[in-house]
Amino acid sequence: MESRGETPLTMEARTSSSADEQPIIKYRGIKAMPYILGNETFEKLGAMGTASNLFVFLMQFFNLKHITAIKVMSVFGGTANIAPLFGAFLFDSYFGRYKTIGFASICSLLGMAMLTLTTTIDKLHPPSCQMGGVATCVGPSPMQLTFLFASFGFLIIGAGGIRPCIPTCLMLVSIVIFFMGSRIYVKVKPEGSPFTSVAQVLVAAIRNRRLKLPEDDAHVRLFNYLPPNSIVSILPYMEHLRFLNKAAILTSEDQINIDGSPANPWKLCSIQQVEEVKCVMRVLPIWASAILYHVAINQQASFGVLQALQADRHVRNGGYEVPSASFAVFQMISLTIWIPIYDRIVVPLLRKFTGREGGLTLLQRMGAGLFLTTVALVVAATTEEYRKHLAPTNTNGPTISSMSAFWLVPQLAITGLAEGFNSVGQMEFYYQQLPENMRSVAGAFYFCGMATASYVDGLLVSLVHEKTKGGSGDWLAEDLNKGKLEYYYYLIAAL
């Protein structure tokens with residue numbers, strides 16, 4: 001079998017030289033931590049309630065109907081959630097984390113600055129109109145929409161490296177704090193992306209599809225290679241998904257470098273790479289089942305806000321009026337309170353009955369989250385029926401129900417509990433099932449699920465709106481008092 005690459009002497013000399021010239025890395029984690037934490041704190045402080053506020057912004061500043069606003073937010077949210085997948089590939093393969101985060105932060109700031117300009121410059125948004133005159137409101141011009149979507153584009157690019165936040169000043173503070181620590185960060189060079197390894201296995205398996213696998217001791221006779229300095233645990237051989245093993249069949253045509261690595265990694269992969277891809281394939285069914293969970297969660301950021309808009313949001317009979325998007329904080333409070341209670345009280349109690357260290361298995365926790373999500377949707381549907389019952393009838397435009405908007409708190413609180421079970425369980429499940437060098441893939445699974453759910457949500461809204469707007473009445477009418485939003489909630493709950 002022919003070898004290709006440098007001679008052993010040259011390779012040894014170069015390796016020795018590289019080792020001698022390699023700079024000594026001084027890790028200054030304690031000194032760098034304040035800058036990282038400051039960056040994350042101000043970024044998260046501004047990011048809370050992003051979806052809900054943007055949703056209201058599109059309706060009130062750009063006079064979009066709520067169906068159109070939901071579609072825009074679905075595309076924007078889905079693309080922003082899938083952007084970190086490409087960001088992870090870029091910083092793993094080409095630019096490193098520091099450059100990627102720095103560039104993404106600047107793009108986020110630019111996007112936020114453009115979005116801020118749409119509210120301050122009259123020519124960048126249509127004339128305002130009162131809620132009762134939605135039907136006669138002037139919509140945004142092509143130029144205004146172009147400027148708005150350009151700002152969204154920069155935010156999506158920024159989302160590939162850092163989550164953008166709504167208040168521009170907080171985003172600016174976040175970036176300043178990040179760059180203040182530039183001198184003491186350890187800037188790790190890119191060493192390749194695990195996504196590339198997954199693609200290589202799939203391509204190699206397809207190219208070798210006509211080859212026959214060895215009958216006995218297949219895993220022993222397949223190509224096996226680990227980099228010399230690898231600290232990754234060797235995965236055990238699994239019999240399922242055996243067609244992927246063809247990526248590791250070594251033939252007389254394959255060339256091997258002097259260090260033992262394949263000369264063409266798109267034609268020959270190691271059995272370790274194959275087993276890593278099997279781990280990815282194994283979690284796909286769980287990932288797919290979580291899509292509808294995210295769809296259900298998304299309803300609170302869209303239709304939950306609409307319910308609040310047409311309910312009484314005043315505190316103490318005509319006092320302060322709570323912004324409709326601010327009700328999302330009850331979901332966050334519920335999640336924040338529940339997590340320590342679950343870890344410190346519920347888990348020890350469950351451990352006595354189940355004998356498991358975590359009280360419940362991760363799949364059971366995720367199942368509990370799905371159940372609670374269904375309960376939240378049923379509660380939301382019941383609340384909507386009550387809200388409409390108290391709403392004035394025989395009016396020309398959307399009217400405010402006398403129901404207090406704080407009746408929406410139960411559905412939001414239950415949704416927060418569902419996140420405490422399912423979202424946390426999902427992340428732990430992906431990290432548990434994938435090897436150490438694929439941790440970024442584990443995070444990508446969660447965000448790709450959210451991205452897919454956003455697209456599915458937009459599709460469902462479009463289909464339901466188109467199919468129900470004639471006949472017995474539009475489920476998702478512009479005026480919720482004339483619609484049947486509770487039916488839509490029941491539909492998502494059934495799914």
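Reader: Where is Asn63 found?

Author: In this predicted model, Asn63 is found in the loop between helix 3 (50–61) and helix 4.

Reader: Why is Leu241 called partly exposed?

Author: Leu241 has a relative accessible area of 26%. Buried needs under 20% and exposed needs over 50%, so Leu241 falls in between and is partly exposed.

Reader: OK, on to Val72. What makes Val72 buried?

Author: Set its relative accessible area, 16%, against the cut-off of under 20%, and Val72 is therefore buried. Val72 lies in helix 4 (residues 66–120).

Reader: Which residues is Val72 in contact with, leaving aside its neighbours within four places in sequence?

Author: Leu58, Leu64, Phe149 and Phe152. There's also a C-alpha figure for Val72 and Phe55: these two are 17 residues apart along the chain, and their C-alpha atoms are separated by 8.8 Å.

Reader: How do you know that helix 9 is roughly antiparallel to helix 14?

Author: Helix 9 (residues 271–309) and helix 14 (residues 485–494) pack at an angle of about 170°, and their axes are 11 Å apart. Angles over 145 degrees count as roughly antiparallel, so helix 9 is roughly antiparallel to helix 14.

Reader: Which residues meet there, in helix 9 and in helix 14?

Author: On the helix 9 side, Val295, Ala296, Gln299, Phe303, Gly304 and Gln307; on the helix 14 side, Leu485, Tyr488, Tyr489 and Ile492. They divide into seven nonpolar, three polar and no charged.

Reader: What does Phe303 touch, not counting residues up to four places away in sequence?

Author: Phe303 touches His66, Ile70, Val461, Leu476, Leu485, Tyr488 and Tyr489.

Reader: Which residues have the most contacts inside the largest nonpolar core?

Author: Leu58, Phe152, Phe303 and Tyr488, in a core of 79 residues. Helix 9 supplies the largest share of this core, 15 residues. As a general point, nonpolar side chains in soluble globular proteins tend to be buried together.

Reader: Zooming out, how many helices and strands does the protein chain have?

Author: The protein chain has 14 helices and zero strands. Buried residues make up 45% of its 495 residues. Among contacts between residues at least 6 apart in sequence, 79% join residues at least 24 apart.

Reader: And which elements have the lowest and the highest mean pLDDT?

Author: Helix 1 (residues 8–21) has the lowest, 37, while helix 11 (residues 362–389) has the highest, 93. For the protein chain the mean pLDDT is 80, with 78% of residues reaching 70 or more.

Reader: Where does pLDDT stay under 50?

Author: Over residues 1–22, for which the model has 18 contacts beyond four places in sequence.

Note on methods. Residues are numbered from 1 along each chain as its sequence is written. Side-chain values use heavy atoms; hydrogens and water are left out. Axes are lines fitted to C-alpha atoms, for helices over the stretch in contact, and angles run from 0 to 180 degrees between N-to-C directions. Helices (H or I, at least four residues) and strands (E, at least two) are DSSP runs, numbered from the N terminus. Angles under 35 degrees count as roughly parallel, over 145 as roughly antiparallel, 65 to 115 as roughly perpendicular and the rest as oblique. Contact means heavy atoms within 4.5 Å. Ala, Val, Leu, Ile, Met, Phe, Trp, Tyr, Cys and Pro count as nonpolar, Asp, Glu, Lys and Arg as charged, and the others, Gly among them, as polar. Buried means under 20% relative accessible area, exposed over 50%, partly exposed in between (1.4 Å probe, protein chains only). A nonpolar core is a set of buried Ala, Val, Leu, Ile, Met, Phe, Trp, Tyr and Cys residues joined through side-chain atoms within 4.5 Å. pLDDT is the predictor's confidence in each residue, from 0 to 100.
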